[in-house]
Amino acid sequence: MSTAFVIVLGLCIGSFLNVVILRLPRNESIVRPGSHCACGAPLRWFDNIPIVSWLLLRGNARCCGRPISLRYPAIEAATALLFWLCWRRTEPDYALAAEGWIFLSVLLAGSIIDAEHMIIPESLTLGLGVVGVVLGFAVPTIRGGGLVESLSSGGHALLGLCVGSGLTLWIASLASALLLREAMGMGDVLLVGAIGAFCGWHAAVFSIFGGAFVGLFWVLVALLWRRSLKMTSRLPFGPMLATAAAIYFLFLRTPVEAWFTQVGGLFQ
């Protein structure tokens with residue numbers, strides 16, 4: 001599989017993710033109607049080419065002249081980058097690459113929706129968790145340290161789902177009791193469970209604490225940049241969890257697994 005094909009595929013999926021991000025929070029179909037402008041006019045195919053059309057149109061709709069948000073080409077470019085990084089990590093394993101593309105696509109879409117609406121649709125989190133478990137049994141790849149039997153891999157997926165969602169629910173409940181307000185939503189709980197289903201319970205644990213670190217970093221940067229961030233403001237935790245999960249999957253799986261193995265050895 002060529003790099004060019006992977007990038008073009010990522011751009012096309014990114015274009016589809018733009019539709020998902022726009023329509024899911026509105027409870028609209030992501031299939032019908034086809035892509036259309038904010039004014040209601042349907043988009044022609046040559047006005048719907050990822051990134052290229054936005055550049056040729058100079059960020060304005062052909063039909064009505066309305067500005068087209070920079071977010072659209074940015075998400076397409078981000079998806080292409082994630083697809084390429086995933087392929088670099090997984091080649092020549094096509095099945096593992098496809099799993100990774102599904103995983104990263106849902107993380108990206110869920111992050112943007114959560115950042116804008118403070119929700120993560122259950123169709124994404126529950127869907128990702130179910131797909132992770134099914135693929136665990138059908139395609140035993142990333143959960144068992146290589147090519148393992150399907151039952152063992154599926155068991156790892158179920159364990160990751162249960163540990164991820166269960167641990168997050170406990171942390172959310174304790175934090176809510178201490179803060180006297182909701183600390184994390186159920187969408188975050190389901191998201192961590194889905195991360196565990198795809199990558200194992202180690203990834204779920206890493207995402208929780210890695211997400212907290214990402215959140216702390218974001219708050220510090222926001223305070224230094226704006227100096228007006230209210231600490232009572234609600235912050236979406238989904239993008240932070242997703243960022244940590246993507247970092248784990250793309251870059252840190254091997255060292256994190258080694259660390260967990262070392263820690264486990266201390267109790268033997």
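Start in the middle of things: select Trp-101, Phe-103, Leu-104, Leu-107, Ile-195, Cys-199 and Phe-249, the residues with the most contacts inside the largest nonpolar core, which has 46 residues. A nonpolar core here is a set of buried Ala, Val, Leu, Ile, Met, Phe, Trp, Tyr and Cys residues joined through side-chain atoms within 4.5 Å. Buried means under 20% relative accessible area, exposed over 50%, and partly exposed in between (1.4 Å probe, protein chains only).

Next, color the helices that each supply at least two residues of this core: H1 (3-23), H3 (71-90), H4 (94-117), H5 (122-138), H7 (186-199), H8 (201-226) and H9 (238-266). H9 gives the most, with 10 residues. Helices are DSSP runs (H or I, at least four residues), numbered from the N terminus.

A quick note on what you're looking at: this is a predicted model, where local features need pLDDT of at least 70, side-chain atom pairs count only at pLDDT 80 or more, and totals for chains, interfaces and linings use all residues. Residues are numbered from 1 along each chain as its sequence is written, and side-chain values use heavy atoms, leaving out hydrogens and water.

Now for charges: look for 2 salt bridges, each a side-chain nitrogen of Lys or Arg within 4 Å of a carboxyl oxygen of Asp or Glu. Pick Arg-62 and Asp-47, paired at 2.8 Å, N to O. Arg-62 is exposed at 52%, while Asp-47 is buried at 12%.

Last stop: Glu-116 and Arg-71, at 2.4 Å, N to O. Glu-116 sits in H4 and Arg-71 in H3, so this pair ties together parts 45 residues apart in sequence.
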